Amino acid sequence: MNIEVMSMTLTDLDKIEDYLLEDFDDFWSSSMLRQELENKQNLNSHYFVAKIDETIVGFVGLLIVLDEVTIMNIVTRKDKRNLRCCFLFIKIHYTFF
């Protein structure tokens with residue numbers, strides 16, 4: 001099983017918005033996530049999705065300030081847990097340094 005991690009887009013959010021609360025545990029509302037993705041002035045926020053065969057199985061929001069990374073949210077679909085998606089998300093912050 002190949003898990004791809006890439007930057008999250010508004011199209012990605014559109015694909016998961018209808019079933020966010022069913023398939024993912026409680027997190028920010030989709031409107032808050034949309035605001036973060038649309039806010040081009042906040043260069044410190046970065047969002048990534050994990051995909052298996054184009055199906056989004058998780059996402060992460062990172063806030064990067066100078067040499068610090070804060071995980072704002074990290075979410076994996078309930079039926080896709082234990083596939084090491086979160087591990088891949090944690091490794092992402094090393095690419096910024």
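1. Accessible area here is taken with the Shrake-Rupley method and a 1.4 Å probe. On that basis the chain exposes about 6100 Å² of surface. Carbon and sulfur atoms own 50% of that accessible surface. Note that the model is predicted.

2. Burial comes next. The chain has 97 residues, and 35% of them count as buried. The cut-off for buried is under 20% relative accessible area.

3. On secondary structure, the chain holds 4 helices and 4 strands. Read from the N terminus, the order is β-α-α-α-β-β-β-α.

4. Contacts reach along the sequence. Take the contacts in the chain with a separation of 6 or more: 55% of them join residues 24 or more positions apart.

5. Now the largest pocket. How much space lies in the largest pocket? The value is about 220 Å³. Two elements each give two or more residues to its lining: α3 (30-38) and β2 (45-52). The largest share is that of β2, with 4 residues.

6. The lining can be checked residue by residue. Ser7 and Met8 are part of the lining of the largest pocket.

Notes:
Residues are numbered from 1 along each chain as its sequence is written. This is a predicted model: local features need pLDDT of at least 70, side-chain atom pairs count only at pLDDT 80 or more; totals for chains, interfaces and linings use all residues. Side-chain values use heavy atoms; hydrogens and water are left out. Buried means under 20% relative accessible area, exposed over 50%, partly exposed in between (1.4 Å probe, protein chains only). Contact means heavy atoms within 4.5 Å. On a 1 Å grid over the protein atoms alone, a cavity is a set of points where a 1.4 Å probe fits but cannot get out, and a pocket is an open set with protein on both sides within 12 Å along at least five of seven lines; lining residues have an atom within 4 Å of a point. Grid points are joined across faces, edges and corners, and a volume is the space filled by probe spheres set on the points.
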